[in-house]
Each structure stands twice: as structure tokens, then as C-alpha cells.
Amino acid sequence: MSETPLVSIRDVASHAGVSVGTVSNVLNRPDIVAPTTRTRVLAAITELGFVPNDAARQLRRGKGRTLGLVVLDVANPFFTDVAKGVEDTTGAAGMAVIFCNSDGNLTKENAYLDLLEEQRVQGVLITPIHDASTRLHQLRDRGVLVVLLDRRSRQPDICSVSVDDRLGGELAMRHLVESGHRRIAFVGGPHRLEQVHDRYHGAIQALTDAGLTEEEHLRRYDTPALTVTAGRDAAARILGQPKNTRATAIFCANDLLALGALQVLTRQQIRVPHDIALVGYDDIEFAAAAAVPLSSVRQPRQRLGQTAAELLLDEANNPQTHQHHQVIFEPELVVRESSQ
């Protein structure tokens, strides 16, 4: 079966008895076309089934109606909620979002940035692997707007939206220390991720404030990723320690790790929180719905996405008056059964 040939703008012009330029004006600047001519062209478009090539028009203008969103892990519900905030804001502004998952892989991140630049996106919202990425500065130099998402910018000319993760780490650790725990495990990684680094050092600060030492009271269990599987593996390592010396509380760098740890603890008949208390981070929807409702440090996930999108749209629409901002939200600890 042969394919039906696509109807071109020249076909529309011929059918309506007008020039190609007139058809272009009807599509892009209808107010300057005489009503009778405009009606004739629109009728030809309908009769022929012509579909305007919006992508081509965007390229000619040098400005698209799309944004790129690059996140570290699409499987993490935290980023799903962030994306919802982005989409709600950009959708209301008539923009579309291209959703990209870097998987924490720098090569993959750069490949997506190349693709987004080729697509002539107006801007990129990104949780970068490295916030000082040369590639991000190249994008800005070429006219692509950039806003860091869930990562604080150290560059005054780049907007960012983040959460005070050091404070979040302090809140979690302070809660466990005040609950009487003196052997505490920190589960998270890789530590090159700024979020993990900050949460860990916030936890150390809380120990210091309580007159305790990292060497004596905190044990670090590094993970290759912030996933449920990594949480299970870390919990198995913790339970492999002698009972009289192993941790009595676990602080996980995100909720997926904590949920994986909770699965192992439950299967091994470890009572949570009586034998081992557990605290996560992000307060995703599954945290409250876990078999043992999970204490977690809450981040304003959708607000992160909404605010980042608002900053990018403001810079796009008001380039002369836009001021760069580094917005930092404060987290809060939500205490549930897993640590009470």
C-alpha cells in the first residue's frame, strides 16, 4: 500500500489561488490578511488536510516551545513529583517538556544535553551530576537557558532551586540521638552526589552538637545508587555485624534505600523500631504507606519543580529585567512509627 503524500504549503497556496507568503501569513500573522482571503486559505487547509510544521516554524524563529528536564533517576518517585510540578507550570504557559533520565551517568547526561540543543529547546532544567559542568556553560553561551534543580548553583548567573540538605541530615540525626541511639548507620551513595554528601555531613554536625563523635557513634555504609536494591544490600551488611555492636538506628539518604532496608529487616524478623529504628529522606508517597510507616525528611517536591520552571520562564520572557536567584527550601522531619 502506497503512502498518501504529505500536503505542502505550496499545495495549499495553489488550491486557494494565493501566494505561499499569504498562506504563511495566515498561519503566523493572520491579522494582516484580508478576511476574505484568510477564509479562503483556511478552507483550503481544511479541504486538503494540511498540517502546519510547527517544529520547522520554531527553528526559523530560533526559539522553541519546549523545555528539557534532565533528572538523575526516573525510577525515583521523588523526581516524578518534581516533574509534575514542572509540567503543571510549563503546561499553563503553553510549553511542552522533554523528559530525560541521566541515570547518574555523565556520558548519558551529555548525550541528552546534545539532543536537547539539537531540538532547539528554550531552556533546560537539570539535576546535574556536576553543577560546574562545562557543558552547561556551553549551553548558556549558545542561548539555551539553564536552571539547576535540586542542586544549589555556585554560579551567580545561573538560577537554582534546592533544599537545605545539611539541615535535613541534622534533623534526622538529631531525632535519632534524642531518641537515645548511640550506634547509628548512615546508608547512602555515591558520595560524589551533592545531596548525599550534604545529608551525611549534616548528620555529623548533629552528632557534634550532641557532644558525640563520628568515629565512635556513626558507621557509614556506602551504596552505588539510591535504590531499593542498594538499601537491601546495606541492611544485610548491617545485620551481618555482631548484635551487641551493630547499629540500633539507620539513617538512609533517601526513602528508596530505607524501604529496601525495611524489607530486609522485616524478613529477618527485626522489630522496627524496637530493635532498629529507621529514618529515610524525601517523604515520597510510599513512605507513609510502608508496612511500618516510615519516618522521613520531607522535601517540597512539586514546589521544587514549579519554582524552577517559573524561574526559567521568567528569564525567557523577561531577559532584560530577570534577576538570577538561588532558592533554598527548608526540609522538615516527619516522624512516624519506624523511629518512635
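Strand β8 (residues 249-252) pairs with β9 in the parallel sense over three bridges, where pairing requires that DSSP find at least two bridges between two strands. Strands here are DSSP runs of E with at least two residues, and helices are runs of H or I with at least four residues, each numbered from the N terminus. Within this pairing, Ala277 of β9 is the bridge partner of Ala249. The model is a predicted one: local features need pLDDT of at least 70, side-chain atom pairs count only at pLDDT 80 or more, and totals for chains, interfaces and linings use all residues. Residues are numbered from 1 along each chain as its sequence is written, and side-chain values use heavy atoms, with hydrogens and water left out.

Together with helix α12 (residues 255-267), β8 and β9 form a right-handed β-α-β unit; right-handed denotes that, with the strands pointing away from the viewer, the path from the first strand over the helix to the second runs clockwise. β9 also runs parallel to strand β10 (residues 295-298), to which four bridges join it. In that pairing Val279 stands opposite Ser295 of β10. Six of the six residues of β9 (residues 277-282) are buried, so this strand is largely enclosed by the rest of the structure. Buried means under 20% relative accessible area, as against over 50% for exposed and in between for partly exposed, with a 1.4 Å probe and protein chains only.

The loop between α12 and β9 contains Ile276. This residue is buried, with a relative accessible area of 1%. Leaving aside neighbours within four places in sequence, Ile276 is in contact with residues including Ala249, Ile250, Leu265 and Ser338, contact meaning heavy atoms within 4.5 Å. The C-alpha atoms of Ile276 and Ile184 are separated by 9.4 Å, although the two residues lie 92 residues apart along the chain.

The structure holds one cavity of 30 Å³ or more. A cavity is a set of points, on a 1 Å grid over the protein atoms alone, where a 1.4 Å probe fits but cannot get out; its lining residues have an atom within 4 Å of a point. The largest cavity has a volume of about 70 Å³, a volume being the space filled by probe spheres set on the points, which are joined across faces, edges and corners. Among its lining residues are Asp150, Arg151, Val163 and Glu194. The largest share of this lining, three residues, comes from α9.

Note on methods
On a 1 Å grid over the protein atoms alone, a cavity is a set of points where a 1.4 Å probe fits but cannot get out, and a pocket is an open set with protein on both sides within 12 Å along at least five of seven lines; lining residues have an atom within 4 Å of a point.
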